[in-house]
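Biologist: Before I rely on any label attached to this model, I would like to hear the rule behind each one. Could you take me through them in turn?

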Amino acid sequence: MAFITANWNPLGEAFYRKIELYDMSWTLREGFRDCLVAAAPYGGPIALLKECQRRSPSARPQLEIYSASGVTMASFQWKSGPVRHLGWTVCDDLLCVQEDGTVLIYDLFGTFKRHFSMGQEVVQTQVSEAKVFHSPYGTGVAIVTGSSRFTLATNIDDLKLRRLPEVPGLQGAPSCWAVLTQDRQTKVLLANGPDLYILDNTSCTAVSLPGISCPFSNIVCMAVSFSYKYLSVFTDSGHVWMGSANLKDKLCEVDTKVRTPPKQMVWCRRPKSQQASVVVMWDKLLLVAGDCNDTIQYTLDEECVCVGELDGVRLVGPSRHEFLQEVPLVCEEIFKIASMAPGALLLEAHKEYEKSSQKADEYLREIKEQCVLGEAVRQCVEAAGHEHDTHTQKSLLKAASFGKCFLTNFSPESFVSVCQDLRVLNAVREYTVGIPLTHTQYKQMTVQVLIDRLVYRKLYPLAIEICRYLKTPEYQGVSRVLKHWACCKVQQKDESDDVIARSVSVKLGETAGVSYSDIASRAYECGRTELAIKLLDYEPRSGEQVPLLLKMKRSQLALSKAIESGDTDLVYTVVTYLKNEMNRGDFFMTLRNQPVALSLYRQFCRLQEQDTLKDLFNQDDDHQELANYYVRASYKEKRLEARLSQLQSAVDEYNKAKNEFAAKATEEEMRLLRFQKKLDDEKGEGLLSLSLQATMEALLTAGLHKQAEQLYRDFRVPDKRYWWLKLKSVADKEDWEELEKFAKSKKSPIGYLPFVEVCVKKHNKYEARKYVSKVSPEQRVKAHLAVGDVEAAAEAAIERRSEVEMNSVLSVCSPVTDRVVVDKLNRAKAAATKK
């Protein structure tokens, strides 16, 4: 265990260690001299802007992007304006803040994405200093101009610039400043000599450092912790003050014995740690200051840059990349010299077991006697997650596996989880990948974000393997990675459309959660329309194909795809688009070539656009449908002349269609209209627009029997219909004289039983009896019964020898009053039965 603690340095109650992550593969002849350097957190990439103007005034700077292991990812000449600051977004995009306030955004591979400005005023006063910061709202940019005014953009993806108030007495740039995130609000803390101010949206407030004991005349450097909860300040007296970021509590104050302003100061606090500590860096010295008066000092043999992390500080130099952190408590308990912690004893027990030594049993017995075997396994598992060296990881995990064999109720979830985590972490820490995540950072970042980072770096095979290894749901894992790969593949200009479409199809197949239309859309955005069309052929959902085809102006193909889908709504969508985009002639010609679309459009026009429907029939010379259109249109006309005109047009079209029956029917309707108009003019009955039957009823109800009879003759109204209508109307008016004349006018086509019934219905049996004798023999029993003549009904039934009719008479007879009739009917029934 001694070799593990060899690089540990005590500070107060904690230990600090510096772990070498990589030997850098880049070649920097002059180190970081004259370079702007920015490294992204969570083991992110490193950007360098090399100033070449010292060597040659005409030379342009070189912007280079490297992985954390120094592998080149992008390199290009900077052709824009002077850059004041470099920074990284939360999704690993590079921000370049220029002197004129323009912020240019590039991806990991140096591809320009977009730009924005920090305001017109900045163009005049120029950017003096800038900082890129991360907040709950996203990535932000803060600048101070030559006129000593601060401007904030809290979220560059939803740009809202805030110009902060002026600072009293501030001439030129502040001696130091930092961005704070407090109470869901972003503020600026700045120092002007010994004075501190907090700037928010509306005010500038003077503040002080609580509990600072050493006098000073200038604050020369300040740093905010990774979580924005803590603040450290370096004064010109060489003291470091540490406290809460809200300036309410003091944590500690340390004398560094160095009064030279440091190049950098970064917090080095481990989550859940009880000790506050910062790393202060000068040219040749790196100092760790914490809760006690002591410090840890490291001599620097080369320039380096400090990068604050969630649980430590990365030290990036020209030849090495190191990680300085407070030793996790569980590692300290296991590996510190003479430790008797359960994890330390279990580790020793396993080592002795591998040597086949009986001491293994002694260590195990000691652990069991203390009843801490479960705690020993837990410590070894947890410590393995915090170690970077794979040999140490294996030793700890083997010890944990050895220990849990002696436990009956140990849950394996934590052990399995750490093994999986370490396999993923070791894979991404590889030199070729260059993402030196710690276990703490990994858990904070989440697997999903790590996959996103690998995808963003185009490390698709590794991302897919991790997804499969962790059994990530397909739509969140493999499908998403393959989709991103395909979107990058279609941007390759050195391969033909056929080759790319085929390779994408082979790779993706029918992978769940992958939409070929999204990939085709990316191809179209890159100017590869034909490739987009080929990719759409693999898209099984027509609803996804059609919108993109319309966007690409491939309307004919879109219409064909919509018709193939059988989705009428989709067809209507395409037809509506074509109608708006094409002239009328081309639109109709297109529909003629697609019968299904034409039929659906006709249905639409019948409900919404009648005039368009007429144009369609005209173009197709469809005389039958055109005539039907004129007939329907005639019903909407209020003026008789207009209606007759529409009907005449319908007659002409029916004749062209050789539909004589429809033509004659329409002519009859025209005659009826004229007849109604004539009667309206004479009598004012309001008959227009009534049907033939309704007109007949109206005339009869009005007592216009002559006109009704004329209508009956002229329009060949069926006899039965006319007799029924007149019978009903005359009876309703109780015009018995007219009813008698009507009955005598000619033989009734509906018989005379209805005459009896309507009279009875009007409670006039006297008039009803007039027509009983005219009723046919088959209906005479009903007629007698209708007028209440039971004896006559019985005689008629007996005469016809109909048992059914006899029964119907019996059903209405009273056993008391109609006893004679009942006996007579019973005898007749009996006689009929004997025969």
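Modeller: Buried means under 20% relative accessible area, exposed means over 50%, and partly exposed lies in between, with a 1.4 Å probe and protein chains only. This is a predicted model, in which local features need pLDDT of at least 70 and side-chain atom pairs count only at pLDDT 80 or more, while totals for chains, interfaces and linings use all residues. Residues are numbered from 1 along each chain as its sequence is written, and side-chain values use heavy atoms, leaving out hydrogens and water.

Biologist: Why is C91 called partly exposed?

Modeller: C91 has 45% relative accessibility, so it counts as partly exposed, whereas C96, at 1%, is therefore buried.

Biologist: How many disulfides does the rule give?

Modeller: A disulfide is a pair of cysteine sulfur atoms within 2.5 Å, and by this rule the count is zero.

Biologist: What makes helices α13 and α14 antiparallel or parallel?

Modeller: Helices are DSSP runs of H or I with at least four residues, numbered from the N terminus. The axes of α13 (residues 516-525) and α14 (residues 529-536) come within 8 Å and cross at roughly 175°. Axes are lines fitted to C-alpha atoms over the stretch in contact, with angles from 0 to 180 degrees between N-to-C directions. Angles over 145 degrees count as roughly antiparallel and those under 35 as roughly parallel, so α13 and α14 are roughly antiparallel.

Biologist: Which residues make the contact?

Modeller: With contact meaning heavy atoms within 4.5 Å, those involved include I519 and A523 of α13 and L531 and L535 of α14.

Terms used. Helix = DSSP H or I, 4+ residues; strand = E, 2+ residues; numbered from the N terminus. Parallel < 35°, antiparallel > 145°, perpendicular 65-115°, else oblique.
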